Structure formats: structure tokens, C-alpha cells
Amino acid sequence: AGYSITPTSSGKAATPGTYQFMYEAVTEISVPKQQRSYKMSYLLNPNTKYIAMKADLSDYSDEEMGGQSIIVMDKGSAHIFVETGGMKMRMSNGMMGQKMENPTDQMANYDYTKLQKTGNTKTILGATCYEYAMADKDIKINFWVAPSIKLSNWFIQDSGVIDGYIMEYAVQSKEGNMTSTTVAIKENINITINPKEYKKMF
């Protein structure tokens with residue numbers, strides 16, 4: 001199956017009260033209607049239920065804002081940690097405004113039990129991927145899934161519908177089309193967020 005990742009559970013136990021990540025999946029999201037594409041990373045820890053998205057702030061703000069924001073999705077709520085200009089701030093979900101369209105919210109609402117394997121395959125980053133598709137009157141979604149990569153998917157949690165990591169997906173809907181492709185998976189990264197180091201902003 002080419003490239004494979006099988007995380008060992010022997011990893012260090014997570015320090016309570018912090019968020020720790022060992023894998024970073026870099027994705028490129030293209031939105032033809034807006035004629036733009038941007039990169040976003042998913043930070044993954046196979047031993048936990050939370051997951052995070054890491055984005056470069058300059059992609060989302062009109063000002064030249066440097067730094068990065070990490071959005072931790074934990075038990076249905078989002079915690080936003082921003083590091084910019086030497087400051088560490090944490091915000092609740094409503095603060096970023098509508099500019100940061102969060103694909104996770106939209107993707108979490110679909111009923112994935114309707115997914116069908118199409119029989120098509122292709123290779124992404126050296127891993128064999130199988131296509132799954134589903135459609136209703138409003139939307140059509142295609143996933144390319146790599147069974148050899150045992151990482152948790154960021155929006156289909158524990159559904160058992162898909163075997164493997166979603167390396168690419170495409171959504172076609174009335175709102176427009178979007179494609180998200182994994183362009184790199186970095187292993188053995190070590191990112192820890194300790195919320196206590198971030199100043200709460202309201």
C-alpha cells in the first residue's frame with residue numbers, strides 16, 4: 001500500500017490540561033468561486049479525542065497579521081489559541097468573525113452512513129487511496145481514503161464508515177465547490193499547547 005502510518009500507543013501520556021500533537025497533516029484547500037487556495041494543517045494525536053487546525057493568520061486577516069492560530073476542537077467546542085507579535089491570546093469561537101470559514105462545522109453535519117465505495121483508487125503522497133462518494137439533492141461529496149494511514153479523521157469521528165485517513169475530499173454544492181488535498185504529513189512533530197500560557201480575550 002506504499003506509504004503507511006501506524007501510530008503506536010506507547011507515546012508519552014498527555015499532560016492533563018494541555019493539548020499535545022504528534023502529527024501534522026498539511027492540506028491545501030481550493031475554492032474556485034473565490035479564486036483562491038490556502039493551506040491549513042490538521043494537528044493530530046491518535047491517543048486523544050481532540051483535534052486541532054493550524055492556520056497562518058495572514059491568510060485570514062486583511063491587515064498583515066503575522067503569527068498563527070491553532071483551533072482545538074474538543075468535545076464539540078472550539079478553543080482558539082493565537083500567537084502573534086510575541087503575544088499569546090486565547091479566544092472563544094465567535095471572535096474570529098465570519099472570514100474564517102470553518103470547514104469542520106459544515107462537514108460535521110452530514111450523514112456519512114450513506115457513503116459508498118466507488119471502486120476507484122489513486123495514489124496520494126505514496127499511499128493508495130480508495131474513493132467513497134455520497135450525494136443528495138443539495139450536495140455531492142467525494143473522499144479519497146488511505147487505509148494504510150491510521151490517523152483519526154477530523155470530522156468523521158468514530159463512525160466506522162471509513163477505513164483509513166481522508167487524504168482528499170471534494171464538495172460540490174449550491175454554495176460552490178471546494179477541494180481539500182493533503183500535501184504533506186509530518187510525523188513526530190511535538191506541539192504542546194498549555195492554555196494557561198495564553199491570555200484570555202473576550
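These legends describe close-up views of aromatic rings and of lysine side chains over rings in a predicted model.

**View 1. The edge-to-face pair of Y19 and Y50**. Six aromatic pairs are found in a search of the whole structure. In the pair shown here, the ring centres of Y19 and Y50 are 4.8 Å apart and the planes meet at 85°; planes over 60 degrees apart count as edge-to-face, so this pair is edge-to-face. Y19 belongs to strand β1 (residues 19–21), while Y50 lies in the loop between β3 (36–44) and β4 (51–56). The two residues are 31 residues apart, and their pair links distant parts of the chain. Y19 and Y50 are both buried.

**View 2. The aromatic cluster around Y19 and Y50**. Y19 and Y50 belong to one aromatic cluster together with F21, F81 and Y198.

**View 3. The tilted pair of Y112 and F143**. The centre-to-centre distance between the rings of Y112 and F143 is 5.8 Å, with 55° between the planes. Y112 is located in the loop between α1 (103–107) and β8 (116–124), and F143 in strand β10 (residues 139–146). This pair, too, links distant parts of the chain, with its members 31 residues apart. Y112 and F143 are buried.

**View 4. The charged end of K117 over Y130**. K117 places its charged end over the ring of Y130, at 4.7 Å from the ring centre.

**View 5. The charged end of K122 over W144**. The ring of W144 has the charged end of K122 over it, 4.7 Å from the ring centre.

Terms used: Residues are numbered from 1 along each chain as its sequence is written. This is a predicted model: local features need pLDDT of at least 70, side-chain atom pairs count only at pLDDT 80 or more; totals for chains, interfaces and linings use all residues. Side-chain values use heavy atoms; hydrogens and water are left out. Rings of Phe, Tyr and Trp (its six-membered ring) pair if their centres lie within 6.5 Å; planes under 30 degrees apart count as stacked, over 60 as edge-to-face and the rest as tilted. Helices (H or I, at least four residues) and strands (E, at least two) are DSSP runs, numbered from the N terminus. Buried means under 20% relative accessible area, exposed over 50%, partly exposed in between (1.4 Å probe, protein chains only). A charge sits over a ring if NZ of Lys or CZ of Arg is within 6 Å of the ring centre and within 35 degrees of the ring normal.
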